[in-house]
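Reader: I would like to learn how to read a few local features of a protein model. Please take them one at a time.

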Amino acid sequence: MLKKLQNKMHRMATAKQPVRFRFDLTIERIDDLVLETKEINVNVSWSRGRKRKSTNSVLVYPGEDSAAWNDTLSQMVTLYRDKRGLGSFDAKEYVLNVHAKYIELGASVSDIMGSVAIDLSKYASMETVSEKVTLRVPITYRGYTNKFAQLRLGVRSSWVKELNINDIDQLTNVSDAFSNCSSQQDPNRTSFNVPTSSSVAELESMQKR
């Protein structure tokens, strides 16, 4: 939480412009999986911090090396760039995990077959655009090395609105983290305020002492 607040204050101090996007990832299929001798349920999750979306699970039978979903996952994402609107957006990586669930010795086992990062800033556009993407996922499942699966997906970005720096509090992950508690607020809880731009200089001065 502190790291997120520090990042936010740095952006405010450097006058970064926040721009809000909706990203839709259509997880189409994965190929070149490890050949198994048992049935496994496979799904893909898309996450950053506490934000996570997942596809449905697909059953992969013994001897098969692919799975198909065509599931669309959506998240709201805030990207940052120079306040003049020039240049590209700052990098913002999310993680795609390929999960496996199976029965072994009578017990249910969950494992991550492989993970790959995706930088959403590369697909951001002020116009709604879609792009087909293939990501090489290094397989780390059950001791495998030097093997890559091919994760095929579609990435669609839609600009929601352009925001002033004064709107930044509305976009924080702090509000996301506490949104589920808003209807059950503890009257004894101390209120939490995100530092504003007026406190940036003071914080930097304290850090230099």
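Reader: Which ring does Lys38 lie over?

Author: A charge counts as sitting over a ring if NZ of Lys or CZ of Arg is within 6 Å of the ring centre and within 35 degrees of the ring normal. In this predicted model, Lys38 lies over the face of Tyr102, with 4.8 Å to the ring centre.

Reader: What sits over the ring of Phe148?

Author: The charged end of Arg136 does, at 3.9 Å from the centre of that ring.

Reader: How many aromatic pairs does a search of the whole structure find?

Author: The search finds four. Planes under 30 degrees apart count as stacked, over 60 as edge-to-face and the rest as tilted. Take Phe21 and Phe23: the ring centres are 6.0 Å apart and the planes meet at 45°, so this pair is tilted. Phe21 and Phe23 are both buried. Ring pairs also bring in Phe89, giving a cluster of Phe21, Phe23 and Phe89.

Reader: What is the geometry of the pair formed by Trp46 and Tyr94?

Author: Trp46 and Tyr94 are tilted too, with 5.8 Å from centre to centre and 45° between the planes. Trp46 belongs to strand S2 (residues 40–48) and Tyr94 to strand S6 (residues 93–104), so the pair ties together parts 48 residues apart in sequence. Trp46 and Tyr94 are both buried.

Reader: How many residues of S2 are buried?

Author: Buried means under 20% relative accessible area. Seven of the nine residues of S2 are buried, so the strand is largely enclosed by the rest of the structure.

Reader: Which strands does S2 pair with, and over how many bridges?

Author: Read the partners one by one. With S6, S2 runs antiparallel and is joined by seven bridges; within this pairing, Ser47 has Val95 as its bridge partner. With strand S3 (residues 51–54), S2 pairs in the antiparallel sense over four bridges, and Arg48 stands opposite Lys51. With strand S4 (residues 58–60), the sense is again antiparallel, over three bridges, and Asn41 is partnered by Leu59.

Reader: What lies between the strands in the hairpin of S2 and S3?

Author: Two residues lie between the strands, and in this hairpin Gly49 takes a positive phi near 60°.

Reader: Which residues other than glycine have a positive phi?

Author: Asp32 and Leu105 are examples. Asp32 has a positive phi of about 65° and is placed in the loop between S1 and S2. Leu105 has phi near 55° and sits in the loop between S6 and strand S7 (107–119).

Reader: Are these two buried, partly exposed or exposed?

Author: Exposed means over 50% relative accessible area, and partly exposed lies between that and the buried class. Asp32 has a relative accessible area of 32%, so it is partly exposed. Leu105 reaches 87%, so it is exposed.

Reader: Where is Pro18 placed, and what is its relative accessibility?

Author: Pro18 is in strand S1 (residues 16–31). Its relative accessibility is 1%, so Pro18 counts as buried. Sequence separation and spatial distance should be read together here: Pro18 and Thr78 are 60 residues apart along the chain, while their C-alpha atoms are separated by 6.2 Å.

Methods: Residues are numbered from 1 along each chain as its sequence is written. This is a predicted model: local features need pLDDT of at least 70, side-chain atom pairs count only at pLDDT 80 or more; totals for chains, interfaces and linings use all residues. Side-chain values use heavy atoms; hydrogens and water are left out. Rings of Phe, Tyr and Trp (its six-membered ring) pair if their centres lie within 6.5 Å; planes under 30 degrees apart count as stacked, over 60 as edge-to-face and the rest as tilted. Buried means under 20% relative accessible area, exposed over 50%, partly exposed in between (1.4 Å probe, protein chains only). Two strands pair if DSSP finds at least two bridges between them.
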